[in-house]
Amino acid sequence: MDLNDGRMRVQPPAGATYSTHNGLRVEKVFERDPLEVEVRGPRGSGFPTCPETAATLLKLISQRTQAWRQRITNTVGTPEAVYVIQETPSDGMRMFANKDLECGDLIIQENPIVLFPLEHVLSSKSPQRQLWLTLQNALDGLDEVARAVYMELPNIHEGDASELALGIFMTNKFEVYSTDDASDHSDRSKVSAAVFKDIPRMNHSCSPNVVRYWCATSRSMYVYAIRPILEGSPIVTAYCDPFLPTHERRDLLLNAYGISCVCPACTDSASDANRARIQNIQDNLAAVIQWALTPTLPDDLLLVPSLELLKLIEEEGLEGTEYYARVLKVLWYIYFVLEDFGAAGFYGRMLRAWKTANGVKKSDAIKEMQSDLELIQYTVNRRRMLTPRKGRE
Ligand SMILES: C[S@@+](CC[C@H](N)C(=O)[O-])C[C@H]1O[C@@H](n2cnc3c(N)ncnc32)[C@H](O)[C@@H]1O
């Protein structure tokens with residue numbers, strides 16, 4: 001442990017016993033891993049030089065009481081914090097926005113408490129047993145605090161106490177890739193399982209307001225807002241592919257998570273058809289270029305259907321999908337060609353925010369958009385040459 005100006009880094013020593021010390025309060029949480037907090041003690045407590053203070057804090061953590069959890073919740077919910085985790089009357093713990101968020105805002109970057117490749121599990125003759133063994137092994141390597149955090153995550157699977165850790169795993173795990181090389185991402189043997197501390201507190205929605213991006217190099221999950229989220233609104237992610245038909249999503253969510261989803265997409269009978277239409281949106285700028293280079297075609301020929309598609313995606317709450325980026329790009333392009341630079345800038349900024357949220361590096365996003373702009377500029381110039389000047393004849 002290291003003590004410094006009211007902040008301390010806590011690494012619990014194995015098997016330590018702690019004395020109590022009254023009147024301590026956790027003021028702020030600065031870092032989660034390792035836990036770094038600001039503690040205030042009463043006058044005469046010897047803080048910050050008294051190691052007992054840290055010991056007491058560790059005791060508070062290890063007690064894992066509801067009060068401690070609430071304390072963490074409250075401290076994370078300082079005015080600067082992006083999210084809070086709160087107990088709800090009907091849905092357990094949930095993550096909420098602690099301030100208004102815009103598309104592209106980072107909500108959380110978190111390293112997993114547990115991370116292991118699934119390769120041996122998937123290739124094993126008895127995958128369930130192999131999973132249990134691998135998980136036990138991973139949990140054995142955790143320190144007391146991390147283990148306590150893991151065991152506090154919810155479990156919706158039935159079973160005896162020996163199956164609790166496995167139930168928690170099944171309820172909260174995310175599948176991630178063990179490599180950042182996208183060409184490997186169709187290879188199931190490159191899939192790992194990760195369990196996080198705060199990220200699982202996001203409930204499910206088939207119209208998620210965030211996108212998750214896993215970086216294998218830094219072993220961290222990033223969660224970004226993908227549309228505006230008002231302060232106090234739930235932060236929700238998709239536990240399954242939102243393009244699966246409603247009945248398949250319903251079965252999957254019920255079996256794997258015990259969720260009877262009542263989100264608007266699951267209750268709207270038109271949603272499946274809408275989603276199938278969205279999935280048909282192609283990444284094809286050829287039609288836009290052809291339109292741009294045929295100035296006799298109406299200005300709004302592609303604009304109107306593109307705006308309709310954008311609205312449809314927003315109504316379905318699927319801004320996180322690649323189809324949204326495709327439509328944003330087309331609109332950016334069309335407005336440039338029509339020389340409406342205000343609207344072009346608006347959709348260009350949205351596209352840039354979408355790229356940020358989906359893990360595209362800032363320098364790569366700029367490069368990609370610059371090369372698009374060159375093509376747009378070329379098209380605009382050609383169109384000008386093809387457009388008869390007014391009053392020429
Ligand atoms: C990963 S946890 C999510 C956080 C959880 N609410 C908690 O208390 O920590 C998954 C569990 O949360 C609940 N849950 C998540 N999304 C839900 C939803 N859309 N409707 C109802 N329950 C949901 C289900 O019990 C599910 O098994």
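Before I start, residues are numbered from 1 along each chain as its sequence is written. And this is a predicted model, so local features need pLDDT of at least 70 and side-chain atom pairs count only at pLDDT 80 or more, while totals for chains, interfaces and linings use all residues.

Okay, the overall picture. The protein comes to 14 helices and 14 strands; those are DSSP runs, H or I of at least four residues for helices and E of at least two for strands, numbered from the N terminus. Of its 393 residues, 32% count as buried, meaning 20 or more other C-beta atoms, placed from the backbone, lie within 10 Å of the residue's own.

Now have a look at helix 13, residues 341–357. Those 17 residues reach 24 Å from first C-alpha to last, close to the 24 Å expected at 1.5 Å a residue (that's 1.5 Å times one less than the number of residues). Its buried residues include Y347, L351, R352 and W354. What covers the buried ones? Strand 12 (210–215), strand 13 (220–225), helix 12 (322–337) and helix 14 (362–386) are among the elements that do. Just after helix 13, G359 takes a positive phi of about 85°.

Three strands make an open, antiparallel sheet in the order 8-10-9, where pairing takes at least two DSSP bridges between two strands. Strand 8 (114–117) and strand 9 (174–177) are at the edges with a single partner strand each, so one side of each has no neighbour in the sheet. Strand 9 is joined to strand 10 (residues 191–195) by four bridges, and V176 has S192 as its bridge partner in strand 10.

Terms used. A residue is buried if 20 or more other C-beta atoms lie within 10 Å of its own, exposed if 12 or fewer, and partly exposed in between; C-beta atoms are placed from the backbone. Two residues are in contact if their C-beta atoms, placed from the backbone, lie within 7 Å.
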